[in-house]
Structure formats: structure tokens, C-alpha cells
Amino acid sequence: MTSRLCRAVLWLYCAYLLIPLYWLLNLSLRSNDSIAGGVELIPAAPTLANYSEIFTNPVWFNGFANSLSYVVLNSLISLAVAIPAAYTFSRYRFLGDKHLFFWLLTNRMAPPAVFLLPFFQLYSTLGLFDTPLAVALAHCLFTVPLSVWILEGFFSATPRSVDELARLDGHTRGYFFFRIFLPMNRAALGVTLFFCFMFSWVELLLARTLTGSDSKPIAVVMTRTVSASGLDWGVLCAAGVLTIVPGLIVVYFVRRHLAAGFALGRVS
Amino acid sequence: MNAKPYTNAAWLGVLPVLLIVAFSAVIPLMTVVNYSVQDILDFNTRYFVGFDWYRETLRDERFSAALLRQLSFSALVLAIEIPLGIAIARGVPRDSKATTPLLILLAVPLLVPWNVVGTIWQIFARPDIGLLGVSINALGVQYNYAGDALHAWLTLLAMDIWHWSSLVALLTFAGLSAIPSANYAAASLDGASPWQTFRFVELPKLAGVLVICVLLRTMDSLMIYTEPFVLTGGGPGSSTTFLSQHLATMAVGQFDLGPAAAFSILYFLLILVLCFVFYSVVVRPTGEEVRP
């Protein structure tokens, strides 16, 4: 593989990425009549009607709000439990530490489809069904192991001499952890938040099963709208475009650490 | 560096994770195990049936058909996406103004909700309104992914490559960035060809991230559900019904709790065993320290 060939592969792949996305944007700017009328590479009569339909209809707005609320909840819960665990794994040995770490990872391998029914029963029994908290907790199935995995990689790369120096300087454990250690690992926290956000935002199967009419996520609103009104392609595409926006905003914030984050903090 | 201190008080630090994982994974998994050995007629009438559901599942032709489709799909996906991802990563310029925009662009497909990925490919590939579908038909090929099993498979593969090759590319790019420039300088002094540079300088350093790539892609491709559900709905016929889809139909569609639970356990075990075999066969013998 010469580098010129790889460069060509890269540009071809970028085009391959962009063309379907462009088509989504293209259809979202056209009326249904125009879409059904045939292929237009550039919309002849672009319209924002599909977007205004979404912004004026509370069902769509609520869908977005519901999705964002469980994604944010999930990210906070995952970080809160994963930070102490990752620090512990990176700094201490204890009985069964390696087995525990591997066992955590096996949860990342559990197909969500397996958990549909038990989740449904468990959350119904607890009265959490159809709340954002149910989806947030269910998504912990894969975001918590992933967060521990990523954070442990980053924390292990922070030299342990930092901990010892802080102790010699007379700082308390709490001061060291919250004022020195975590600020030093800002990038790691950002990257972990990004991954929790990403995996919780893109998941549909569990989110759909654990929500009823009150807390329907945006993805479910999309699938239901299609079946209800037949072929409202324009609105569907506009909603699709809007679901990509939060991801773009988040990725912009972690852009510098993106590559390291995808390697789960384990590149060197 | 001196060894990490040994203290069992450290268990306190992992306790919150244990509690949340117990709640979101152990209890549900045990419930599934419980279902899988019972015949549940309604919530008050149930009989212990031992391993009957497992035997039945293993004999079920629809299970073996879905399993075969699933394994073929995952093997194809890995065979295409890993080399493609490596090539893309090697094409990304390092330390250039284009680097960050390119990385962001590569990350975009990973941030699209999975059902929207299905929708994007649906509107792109439909033979009536899709750019791809219309173009292929204009070339004289009768392309219709909803009616032809081969076309459905090719469309699903194209979609998965669109969706996930970036993950391999971004991981590999991170691995490449960690290689010191001195290694490249040494290779060029020795007159190494580009291929030799890749084979003997880059590939050994990439072993760690490539293991992560293969593990992640294996797990995730075995779990694929939403994208084919939206795009083909498992059809035409059952030609694109993979394991998750088959399971969701059994559990939620037909409410066959016992058989669905036995199926679930076998499914989970399959992924665990495949990942474990890959890890112990590929990673251990090379003797290289690859941390999980």
C-alpha cells in the first residue's frame, strides 16, 4: 500500500460518506410532490416547510427533549460511577481485579435484544417504565463498561508520581482528586462523555422498548411518523438531518482528542 | 516503575460500578436464565422444563439459518472494513490543516442514530426516489433491494461499510500518530519500500489498536439490529434476518418467553466464545503485551 494509493482511498471514502448525507439534506429541502417527481441533483424549488413542520409540532420537539434528557442522565450516571472505578483499577491491585475488569467488558458484548423482556419487566415493576431514567439506566449496560475501559487507559497513563507528590505537598485525598487529578485528565473526561453521549444517542432498540407515549425518543417519533402518515419523506429527512446536529456539536468540542479517544486512551 | 500497591480496600472504589452493573446486567441476565428453563403459559402458570428450550433452539432450522447469515455477514464486514479502515487512516495527512476537519468528517457516521442510518440508505437506495437506486437502474441493471436478496445483502454491506469503517480508520490513525518519527527515518535510511515500511514499521505498532478494532467490530456486527430493521425489515423473505432480529420477533412479537430466553443465552455465549477465542488465539501467542 503506497501512500498515494491510501490518499486516493481516503478521498474516495470521504465522497462515499458525503453523497448519502447530501441526498438526505437534498430531500429534506423538497416538498413531497417534488420528491415523488423524480431525481433532482440540486433542489429546483428549495423549501424549509419540512423543518417548520418539525419546529411547530410539539410531538417532534418533545421527542428531541426526551432523547436529550436520557442521554444527559446516562452520561452523568456513567461518569459518576466509572471515575472512582477507573482510578481504582489504575492505581491498586486487589483480589480478583483482572477478572472483574474482564467481566465488566463482557457486558459490552451482551446483545441489547437479549435484555428487552427482563428490562421491560424490571422497570415496569419499579414504576420507572416510560421515564427517561429507565432508558438512562438501561443504556448503562454498555456505557459504563466502555467508560471504565476508556478512563482506565487515560488514568494509567498519568504517572503515579503525581499522586505521591500531592501527598508530600500535604494535600488531602479529596483536594488532590478533585482539584489536581481530574483537571489534569480533562481531555479523558471529555472523551468519555463523548462516547457515552454517542452510544446512548444512537441506540434505538432499548429506548423504544422502555418508553410509551410520554417519553418517546426522537428516533421512535421518526419511525412512527413514517408508518402513520405513509410517505412523508420530506419531514422524515428533515428530522434525520436534525438528529445529526447534536452529534456534530459534541464532536466539535472534543475534536482535538478525537483520535486518542477512539483508541480508548491506549495508543502509546 | 514500582508495582501498584495491593489493598482489598480498593473494592470500595469499584462498588458503585458493581451496583449499577448488577442492576442493569446481572439481574436481567438471571431473569433470562430463569425464563429459559421454564414453560411460561401466563404469569401464574409455569413449569420447569430443564434444557428443553435449548435443545429445541439448537434443532430449529430458522435459528441455524439466521446464525449462518449472521456469521457470513460479520465475516464479510470484518474482511472489508479492517483493511479499508487501515488504508483510510494511512491516507489521512498528519499535522496538516486538513487533519482535524477530516477526522471530524470520519466521525460523522458514528454519530448518526442507527435508525437514521437505515433511513439515509433507504432514501438513497430506493429505486424510485433514491439517487443510488435511480442511477443503477439508469445503467440498465434491474436493482431493487426490497425484492432481490442479493441486492438487499449488497445494500446492507454498503451501509455497514459507510457506517463503521470510520471506527477502524480513527483507531488506526490514533495508533499511527503514536509511532515516533525516528522509526520512519530509520526505515527510509534502510531504503525500505512503502510496503516494507507498512509491514515492518507500522503494522507491529498497530497490533494493539487492531485487536481493539477487530473485537469491537466483531461484537457490534454480531449485534446488528436497527439498520437492517429499518432498511429491509429482514427481507425479502427472511434473507436478511440476523440473530437480533430473529430474537426480537420471538420475544416481543410472538411473546415466546422460554424459547426466546434460551436463544438469548446461546446468542450471548456465541459472542463471548468468539471474542475469547480470538483473544486467546491471536493475542496471546504473539507474546505482545496488549492490554484489554
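Visitor: How do the axes of helix H4 and helix H10 of chain A cross?

Guide: In this predicted model, the axes of helix H4 (residues 58-91) of chain A and helix H10 (residues 186-202) of chain A come within 9 Å and cross at roughly 135 degrees. That angle makes H4(A) oblique to H10(A), given that angles under 35 degrees count as roughly parallel, over 145 as roughly antiparallel, 65 to 115 as roughly perpendicular and the rest as oblique. The axes are lines fitted to C-alpha atoms, for helices over the stretch in contact, and angles run from 0 to 180 degrees between N-to-C directions. Helices (H or I, at least four residues) and strands (E, at least two) are DSSP runs, numbered from the N terminus.

Visitor: Which hand does the crossing of H4(A) and H10(A) have, and which residues meet there?

Guide: The crossing of H4(A) and H10(A) is right-handed; a crossing is called left-handed if the near helix is turned anticlockwise from the far one by less than a right angle, and right-handed if clockwise. On the H4(A) side, Ser67(A), Tyr70(A), Val71(A), Asn74(A), Ser75(A), Ser78(A) and Leu79(A) take part, and they meet Leu189(A), Thr192(A), Leu193(A), Cys196(A), Phe197(A), Ser200(A) and Trp201(A) of H10(A). Here two residues are in contact if their C-beta atoms, placed from the backbone, lie within 7 Å. By class, the contact of H4(A) with H10(A) has eight nonpolar, six polar and no charged residues, where Ala, Val, Leu, Ile, Met, Phe, Trp, Tyr, Cys and Pro count as nonpolar, Asp, Glu, Lys and Arg as charged, and the others, Gly among them, as polar.

Visitor: Before I go on, how are the residues numbered, and which features are reported for a predicted model?

Guide: Residues are numbered from 1 along each chain as its sequence is written, while chains are lettered from A and ligands numbered from 1 in the order in which they are written. As this is a predicted model, local features need pLDDT of at least 70 and side-chain atom pairs count only at pLDDT 80 or more, whereas totals for chains, interfaces and linings use all residues.

Visitor: What does chain A look like overall?

Guide: Chain A has 14 helices and zero strands, and its C-alpha trace spans about 75 × 60 × 35 Å along the principal axes. Of its 268 residues, 46% count as buried; a residue is buried if 20 or more other C-beta atoms lie within 10 Å of its own, exposed if 12 or fewer, and partly exposed in between, with C-beta atoms placed from the backbone. Among contacts in chain A with a separation of 6 or more, 82% join residues 24 or more positions apart.

Visitor: And where is Asp130(A) found?

Guide: Asp130(A) sits in the loop between helix H6 (116-125) and helix H7 (132-157) of chain A, and it has a positive phi of about 70 degrees although it is not a glycine. With 16 other C-beta atoms within 10 Å, Asp130(A) is partly exposed.

Visitor: How many residues of chain A are in contact with chain B?

Guide: On the chain A side there are 84 residues, in contact with 81 residues of chain B. The largest share of that side of chain A, 14 residues, comes from helix H1 (residues 3-28) of chain A. By class, the side of chain A that touches chain B divides into 66 nonpolar, 11 polar and seven charged residues. The model scores ipTM 0.85 and pTM 0.86.

Visitor: Switching to chain B, how many helices and strands are there?

Guide: Chain B has 12 helices and two strands, in the order α-β-β-α-α-α-α-α-α-α-α-α-α-α along the sequence. Of its 292 residues, 42% count as buried. Helix H8 (residues 181-189) of chain B is hardly covered, as the count of buried residues among its nine residues is zero, and H8(B) is followed by Gly191(B), whose phi is positive, near 70 degrees.

Visitor: Where is confidence lowest and highest among the elements of chain B?

Guide: The mean pLDDT, the predictor's confidence in each residue from 0 to 100, is 84 for chain B, and 95% of its residues reach 70 or more. Confidence is lowest in strand E2 (residues 46-48) of chain B, at a mean of 75, and highest in helix H3 (residues 61-91) of chain B, at 92. Over residues 287-292 of chain B, pLDDT stays under 50, and the model has nine contacts beyond four places in sequence for them.
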